[in-house]
Every structure is written in C-alpha cells, then in structure tokens.
Amino acid sequence: MQERTYDVAVIGGGAAGMAAAVEVRRQGLSCAIVERENQLGGILMQCIHNGFGVQEFKQELSGPEFAEEFMDLVADANTDVFLSTTVDSIEESEHGKELFCSPGTRPAGVFTAGLAQRLVNVEGYIPGKNVVIVGSGDIGLIMARRMTWVGAKVHGVVEIQPYPAGLTRNIVQCLNDFKIPLYLSHVVSRIDGQNRVEKVTVSPLVNGIPDEEQSFEIPCDTLLLSVGLVPENELSENAGVDISPITSGAVVDSTMMTSIPGIFSCGNVLHVHDLADYAAEEARRTGAYAVAWIQNKKPNRQVRIKAGANVRYVSPGMINPESPDKMYLRTLIVKNNAQLVMKVNNTIVKEKKLSHVQPSEMVSVKLTPKDVENWTLEPDSILEVSVQ
Amino acid sequence: MSAAETKEMICISCPIGCRMTVYEENGSIVVKGNKCGRGKVYGEEEYLAPKRMVTCTVATDSEEFPRLPVRTTASIPKETIDELLQELYSMKITLPVKRGSSLIENYHDTGVDIIATMTLPGRA
Ligand SMILES: Cc1cc2nc3c(=O)[nH]c(=O)nc-3n(C[C@H](O)[C@H](O)[C@H](O)COP(=O)(O)OP(=O)(O)OC[C@H]3O[C@@H](n4cnc5c(N)ncnc54)[C@H](O)[C@@H]3O)c2cc1C
Ligand code: SF4
C-alpha cells in the first residue's frame with residue numbers, strides 16, 4: 001500500500017471534483033483527485049445530450065465534451081489523478097455522486113431512468129421496446145427521446161404533480177416532438193407481469209385520490225422511474241458529517257465546510273444541481289475556501305441563512321457578512337414575476353425580481369459587499385430568504 | 001409544409017415558457033401569446049422549418065468502450081432526423097477516436113457534420 005500526502009484530496013472526479021481541483025492547483029497547493037470509475041467525468045459521461053457549458057465555456061456542449069474540457073484543465077494544472085480507486089472511509093475531504101431513489105423491488109423491466117441512460121449510452125444495451133416513464137424529471141424526459149431514437153415506443157410519462165418536474169425545453173423537445181403524452185396529476189396505481197412487466201394501470205388523481213373509474217391500462221415491457229435525484233452521502237455520514245434532512249447533503253457554513261473541520265462539500269453530493277456549470281462554479285469556490293482554510297484564513301463572523309416562505313432550501317446555510325458570496329436556492333412554487341426578499345431581523349435588506357421560478361430550476365443569488373453594508377447584526381441575527 | 005395550419009407551441013427561448021399560437025395569414029406568419037420578440041423569432045422558425053440538434057451513440061469495435069457518443073455540429077431539419085439515426089446505427093467505428101473528429105461530413109449538403117463527442121482509446 002502506498003501513502004501520499006497532499007494539501008487537498010478531492011474525492012470524486014465529476015464536474016465538481018475537477019473544478020475544485022483545478023482551483024486548488026491554480027492557487028499553488030498540491031492536490032489529488034480520487035475517482036472510483038476508470039475515467040474522470042462522473043455522471044457527465046452518460047449524459048450524451050447537449051445543454052452543458054453555456055456558462056463555463058460559452059458554448060453548448062454535450063456532457064462528455066464538457067467533461068473533456070475539464071479533463072484538459074486538470075491535466076494542464078498537473079493534478080494527480082487516481083482512477084479506479086474508491087475512497088472507503090474518510091480521513092480527508094469529501095465529494096460525491098448521485099443516487100436514484102427507486103421505490104421497492106419489482107418484476108424485471110423496472111429501471112431507474114439513470115440506470116437506463118447508462119445502459120443505452122455507455123453499454124449499448126436497449127432495456128425494452130414498450131416504455132412507460134414514471135415521474136417527469138429531466139432524466140426521464142431525456143430518456144423518452146433517447147428510447148424513441150433507438151426504436152422503442154414510449155407510451156407516456158406519468159407525473160403525480162399538476163406540473164412537470166423537468167425543464168420546459170425538455171417537455172417540448174423530448175415529449176411534444178414525438179407526441180408522447182404527459183399525464184399530469186396521474187399515478188401508476190398497478191404494475192402487472194410475472195417475470196417481466198406486462199402492463200401498468202394509470203389513474204388520474206381526483207381530490208388527491210386515484211380514481212379507479214377513470215383508470216386506464218398501458219401494455220408495456222419497461223418502466224423507467226424518474227422521480228428525482230438525492231445526494232448519496234454514505235461516505236460523509238460515516239465520517240460523522242451533519243446531514244441536512246431537506247437536501248440530504250451535508251450542512252455547510254459560508255466557506256462550504258461541513259461540521260467536521262477540514263472536510264468541505266460541493267456539487268451533487270451537497271445538493272442536486274440541474275446544471276453542471278453551477279456545480280463547477282460552486283466547486284471552484286469550494287476549492288478556494290479549502291485553500292484559505294489551510295492558510296488559516298477563517299471568517300470572523302457567520303450569519304445563519306433560513307429558508308423562508310416558498311423556499312425549500314438555501315445552500316450554503318451561512319453567510320460571511322464581511323465577504324458575502326453566491327448562494328443557490330430552490331423554490332417550492334411555480335410563478336412568473338416573482339420577488340426574492342431577504343430579511344435580517346425582520347428588516348428587508350435586499351429584493352430581486354425573478355422573471356420565472358419553478359422547483360426544477362435552481363435560482364442563484366449573489367450578495368455583494370454593498371448589499372450587506374447597512375445590515376445591523378445582533379448576535380442572534382438570521383438572514384431569511386423568501387420568494388413571493 | 002402545408003400552409004394555413006395553426007400550431008400550438010411553447011417557446012423555449014427562456015424559462016418563462018410562453019404558450020403561443022402560430023398561423024399564417026395573408027402570406028405572413030402570425031405569432032400570438034409571446035411576451036417578447038425572441039418568442040416571435042422562435043415561433044416563426046418552429047412553424048416554417050423546425051430544427052433540432054441530434055445526439056446519439058454509435059457502435060465501436062471495442063469491448064471496453066462499446067458506444068461512442070456523437071452529435072450534429074448544428075441543428076438539422078426535424079424531418080431528416082430519422083434517416084440520420086438509421087445511418088448512425090448502421091456504422092461501426094474503429095477506435096481510437098478523438099473528440100471533435102467528423103464521422104460524417106456535410107450531411108446531405110446541410111453543411112452540418114456529425115462529430116465524436118468523446119475521446120476513446122484504442123486497444124492497449
Ligand atoms: C440525466 C441528467 C441530465 C443532465 N442534464 C444536464 C444538462 O443538460 N446541462 C447541465 O448543465 N447539467 C445537466 N445535468 C447536471 C449535471 O450533469 C450534474 O449536476 C453535474 O455533472 C454533477 O457533477 P458532480 O461532480 O457534482 O457529480 P458526479 O458527476 O456524480 O461526480 C461524482 C464522482 O464521484 C465519484 N465517487 C463517488 N463516491 C466515490 C468514492 N467513495 N471514491 C471515489 N470516487 C467516488 C463518482 O464515481 C463520480 O465520478 C444532468 C444530470 C443528469 C443526471
Ligand atoms: S416569448 Fe419571450 S418571454 Fe416568452 S418564453 Fe419566449 S423568450 Fe421567454
């Protein structure tokens with residue numbers, strides 16, 4: 001067994017891990033990336049569709065292209081990379097990957113949309129011919145188009161909510177283009193099949209209850225579940241890091257540091273990002289904070305951030321009033337012409353117009369030193385962020 | 001494309017997603033429901049000649065990396081997508097391949113190439 005010493009160790013070489021490592025190297029500290037797969041890139045390598053890099057590289061790339069742009073930066077920065085190496089426990093820092101939560105076990109033919117994406121795009125295996133998708137998350141929508149393009153028939157997407165979970169662009173280009181029906185306020189109430197799925201029963205929700213009268217059957221051999229991503233956090237949990245019940249990611253302070261000093265968290269292991277560009281941006285800041293921590297530069301004061309009305313969460317959970325920074329939040333509502341309101345001690349300190357909000361689109365807000373100039377902070381002050 | 005047809009569509013030029021109705025009247029295209037000018041541009045193009053980017057994978061001769069992801073360098077007319085997919089599925093690429101290299105040049109005189117979007121190594 002070898003032993004190596006680095007200022008910073010990055011666990012996981014996805015978009016976030018690579019961006020963090022490049023920033024640490026740029027500031028002159030030593031850094032290694034440890035990645036359990038045989039290549040860098042993480043989830044990007046199976047996301048062959050385009051829509052990546054508009055912010056980071058000012059052009060629209062596919063996932064693997066976005067990843068390779070970062071791989072080049074990693075190589076240029078002389079970062080050590082250990083591939084096919086899994087971190088089993090932490091004595092250093094942490095970063096990670098996504099888990100698809102799938103309800104229970106079922107007959108063959110039930111896949112998470114993420115697994116199906118990997119099977120089709122990486123392994124070239126087509127999981128079925130007649131497909132129903134449960135949940136309208138982006139991966140499910142993208143897989144609806146992908147499965148159609150490989151010759152399968154997608155019979156519908158069933159969404160329990162009255163509005164789609166994925167981006168409008170994906171509704172248009174992945175469903176409407178192929179006339180794939182989207183059943184909003186519907187549930188899959190029954191799955192039939194002995195060894196393999198044979199049909200599902202779809203029921204509309206009437207007053208929140210599946211209505212049997214109006215139910216209909218769809219024959220199919222494959223069911224793809226796209227019911228949302230949750231950070232996978234076994235590693236951080238085992239290390240004793242505090243986990244937020246809302247994001248299922250670590251609780252971090254204004255410097256992206258977890259409850260264990262010296263362990264920082266960013267990317268999809270912290271909270272699920274819908275854009276790789278955001279994950280990379282957040283990771284770059286995290287890399288810089290890790291460097292500052294090593295150099296003993298710590299914030300004098302931190303103010304806790306609270307998710308107010310219509311906000312599911314704000315990440316990070318604290319702000320340094322002497323050097324305010326970016327934060328990301330997710331709303332609980334769909335609304336045009338919404339207003340973001342920030343309050344300290346019940347006084348409004350900042351307002352911002354948001355032309356459109358929806359839960360599937362992360363909102364980014366940057367506080368400037370000017371914004372915080374006039375705050376009067378008490379020892380127990382909290383910054384409350386809400387959307388109206 | 002048959003004229004005098006009315007199309008319902010959602011503008012995807014920004015996250016607001018205006019629902020629009022587009023039709024032809026007296027030789028010009030009318031777009032209704034758009035909140036801004038970008039919606040009109042989108043609506044007209046979607047009505048007359050809808051185009052899409054295509055991303056897909058093709059088979060390789062490698063066991064370790066059996067699929068190579070590829071994409072079009074620009075959007076192509078929607079009605080040509082199926083034919084392109086058939087062509088791509090019938091190909092088999094010999095590795096190694098470099099990201100950005102063209103598999104098909106100037107597809108059907110559209111000026112659009114089909115390029116590899118991943119660098120894959122050959123047999124070690
Ligand atoms: C289907 C889908 C479609 C998407 N579409 C878009 C889009 O169109 N545009 C866009 O910008 N974004 C899109 N995204 C979002 C974007 O891809 C992700 O937010 C981003 O890539 C996440 O990067 P990450 O580095 O945080 O996580 P990951 O890519 O998950 O990287 C984590 C890495 O850590 C490694 N790892 C985990 N545990 C260990 C361990 N113990 N030891 C060693 N290594 C470990 C994993 O192998 C993995 O490589 C999409 C995501 C998905 C899933
Ligand atoms: S019409 Fe304008 S405001 Fe409406 S979705 Fe399109 S770009 Fe956005």
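These notebook entries record what I looked up in a predicted model of chains A and B.

**Confidence**

I began with the scores for the complex and noted an ipTM of 0.78 and a pTM of 0.84 from the predictor. For chain B I read a mean pLDDT of 91, with 95% of its residues at 70 or more. I then went through the elements of chain B: strand β1 (residues 7-10) has the lowest mean pLDDT, 90, and strand β10 (residues 114-116) has the highest, 97.

**Contact between chain A and chain B**

I looked up which residues take part and found 33 from chain A and 28 from chain B. The two chains bury about 2,500 Å² between them, and 53% of that area is on carbon and sulfur atoms. I asked which three residues of chain A supply more of its buried area than any other three. They are A:Glu65, A:Glu68 and A:Trp149, and they account for 25% of the area that chain A buries against chain B.

I next turned to the polar side of the contact. Between chain A and chain B I recorded six salt bridges and nine residue pairs in polar contact, both residues of each pair being at pLDDT 80 or more. I noted the salt bridge in which the side chains of A:Asp177 and B:Lys78 meet, at 3.2 Å from N to O.

I then listed the elements of chain A that each supply at least two residues to the side touching chain B: β4 (61-62), α2 (63-76), α3 (113-123), α4 (138-149), α5 (168-175) and β22 (347-357). Of the elements, α2(A) gives the most, with five residues.

**Backbone details**

I checked the peptide bonds and found a cis bond from A:Ser315 to A:Pro316, with omega near 0°. A:Pro316 is in the loop between β18 (311-315) and β19 (318-319) of chain A. In chain B, a cis peptide bond joins B:Leu95 and B:Pro96, with omega about 5°. I placed B:Pro96 in the loop between β8 (92-93) and β9 (102-104) of chain B.

Lastly, I noted that A:Lys179 has a positive phi of about 55° although it is not a glycine. A:Lys179 is found in the loop between α5 and β10 (182-183) of chain A.

Conventions. Residues numbered from 1 in each chain as written. Chains lettered and ligands numbered in written order. Heavy atoms only, no water. pLDDT = per-residue confidence, 0-100. Helix = DSSP H or I, 4+ residues; strand = E, 2+ residues; numbered from the N terminus. Contact = heavy atoms within 4.5 Å. Buried area = accessible area lost by both parts, 1.4 Å probe. Salt bridge = Lys/Arg side-chain N within 4 Å of Asp/Glu carboxyl O. Polar contact = N/O pair within 3.5 Å; in protein donor to acceptor, adjacent residues only side chain to side chain.
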